[in-house]
Each structure stands twice: as C-alpha cells, then as structure tokens.
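This briefing is intended for a reader who wishes to relate the sequence to the model. Please consult the display below alongside the text.

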Amino acid sequence: MNGCEGDPKLPVGSIETRTLTVVPSPSKAMERLNVAIRELKCSPPPLTSGILRLQVPIEEQIEAIEWLHAQHDNLPRCFFSGRRSRANRNGFNLLMDIGNENGDTSFTNNLVGVAGVGSAVFFQQLHPFSYHDWRSIKRFLSPKCPLIRAYGAIRFDATANISPEWKAFGSFCFMVPQVEFDELEGSSMLATTIAWDNALSWTWDEAIRSLETTMQQIASVVVKLKKEASGESILSKTHVPNKTHWDLAVKKALQAINTSTSELVKVVLARSSRILTATNIDPIAWLACLQVEGEDAYQFCLQPPNGPAFVGNTSYYFTENG
C-alpha cells in the first residue's frame, strides 16, 4: 500500500500500539505474535483504516543487524543504528525521534538499532518530496505510538535525472516495516505492524494475509555474525569521473570558493565507482563490518522491493523539531 496515494487531510481511523508479555527469546516472541495475529483475524476492527503495532519485549539483547542477516533477502528491508561508541553514549542518537517526545519513551530512550522486513505501508513517488507527501507519512504516525516509524531517505537533488541504479528508490522512499526487530540496551523487541485503508484498496483482510505471508518467511534463530571483511576478489574498478577529471573538479571548486565575490564556503563533490567482484557481496554482512570500523558513526541500509541495497556509514545527523 502506497500511502502517498491517499488523502493526507483525512486521518486514519486508529493508531495503536499493543505491548504483549515479555518472553525469553525471539522464537517465543514469534509464537506470541502468531497467536495474537490469529486472534485479530477472529475479531477485526470496525474501521475502514488504521495502523496497529503488536510488540513483544525479549529479555535477551540481540543485535538487530544479526537478526536481519538471518532473514530472507527477497523482502524489502531496512536497518538504522545509533552511534555505538561509548564516548557518544550520552550524545545525539539518530534513532531518537524528537517529534515524539510527548509519547511513551520507555523503549525509545534505550533504542540501539532497528531492523525491518516487509512494508506495512510504504511512501514512494518519482516527483520531488512535497508537503503533501510529508503529510501522507504523518497521517500514519502519532506521538502516542513513538515506535511506529517510517524509515527511509530522500534524494539530494530530486530534479536531476535518476541513474539506473537508483530507479527502484524513486525520488524518495520510506517504509513502515511489517516485521521489525528493535535492539535495546540490555534487551530486544520483536514487533509486527498492520496498516490498512479501504480508500487505497487495501483492506484489513488483505493486510492480515500479507502479514501472515511475511511471518511465514521470518527466521527466529539468530546466529552470531562474523564482523570481518571476507576479502572478495575484485575483477574490475571504474570511476566516473576518473582521477584526472576529479582533480580538475576539485581545483575548479577551490577557485570558486577563493574568489572574493563568491558566497561559497563548501562544495561537496561526488563520483560513481563501479566495482565488479568475483562473487556477490552480502550487503548486510558488509554493513556489519562497517559497524566495527565506524564505532563513532551511524549505519543504515535501505532496500526497496526488487531493488539494490543502499548502505552507508556516516557521522552526519539531523534533528526534527516536533
């Protein structure tokens, strides 16, 4: 269900989070959620639209990246983490939603990382991100349910032509995961989210069936992930622009900055590097390696349906005023 195709002026019928009893392991959390989903099928809500999150706290702390690595790669997936450095333990956390500061923060305050598969509702268009799209996303969110979140990204320059490798993402791409694993400080949590809207031709029954299909593909056994580079053999490397043109671009940018009449103080240059390896690279295993190398940074992964994985390791952060 693409939430951008709805009317953002019409509120959804219900936004709710239900917390079930604590369990000792992910497998027990899966059992608890499957029972809850069967009970929901027997008593559907009398509403034409809504979003419902079922969450099960887990006593054991399990890394979200390891849970995601255990899942099938045929579903859309996402991963976002906060900084892991102890020096930044009390600093800004990328996963802290300042706009939800009036909601229940019992879990959000110690959120370490989030992994998700499937999409209860997604938001994607080819046109530049607009106020209409922002309102479409906010329509499914509420400060009372701070862990119902849309994870994603927006293009830097939405007016430029989209390169082939970015077409699956559109101009922007956000998703509320169907199944989500939250890594907390000292514990974990497994959750499912159901979103429906009859006006978007996505009924409660269809949403439940889609969730059941996704749940059948979820692995509950999580294996410790080796966070070290596998030493893939590189067959070829191509950079656009090449070194000569890159050096010329840097020189031109510096000249523009040093001009007395220039208002420029910083220029961000980019290039495309296409690297062909002998075997396919697992984006989640690669991201786990970046976690080790970049303890002072945030890691993220976003992979839409039938699209490539966009992974990153960055020290950049932003804040949202509620």
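The model is predicted: local features need pLDDT of at least 70, side-chain atom pairs count only at pLDDT 80 or more, and totals for chains, interfaces and linings use all residues. Residues are numbered from 1 along each chain as its sequence is written, and side-chain values use heavy atoms, with hydrogens and water left out.

**Nonpolar cores**

- The largest nonpolar core contains 37 residues; such a core is a set of buried Ala, Val, Leu, Ile, Met, Phe, Trp, Tyr and Cys residues joined through side-chain atoms within 4.5 Å.
- Trp-67, Phe-79, Val-179, Leu-190 and Ile-194 have the most contacts inside this core.
- Partners of Trp-67 include Ala-115, Val-179, Phe-181, Leu-190 and Val-222, not counting residues up to four places away in sequence; contact means heavy atoms within 4.5 Å.
- A second, separate core of 17 residues includes Ile-51, Ala-120, Phe-123 and Leu-200.

**Salt bridges**

- The structure holds eleven salt bridges, each defined by a side-chain nitrogen of Lys or Arg within 4 Å of a carboxyl oxygen of Asp or Glu.
- Asp-182 pairs with Arg-53, their closest N and O atoms lying 2.8 Å apart; the pair links strand E8 to strand E2, 129 residues apart.
- Asp-182 is buried at 0% relative accessibility, and Arg-53 is buried at 0%, where buried means under 20% relative accessible area, exposed over 50% and partly exposed in between (1.4 Å probe, protein chains only).
- Arg-53, Glu-180 and Asp-182 are linked in a salt-bridge network.
- Lys-224 forms a salt bridge with Glu-63 (3.8 Å, N to O) and another with Glu-66 (3.7 Å, N to O).
- Lys-224 is exposed at 62% relative accessible area, whereas Glu-63 is buried at 17% and Glu-66 is buried at 6%.

**Open sheet**

- Three strands form an open antiparallel sheet in the order E5-E7-E6; strands pair if DSSP finds at least two bridges between them.
- Strands E5 (121-125) and E6 (151-154) each have a single partner strand, so one side of each is left without a neighbour in the sheet.
- Four bridges join E6 to strand E7 (residues 172-176), and Met-175 in E7 is the bridge partner of Tyr-151.

Note on methods: Helix = DSSP H or I, 4+ residues; strand = E, 2+ residues; numbered from the N terminus.
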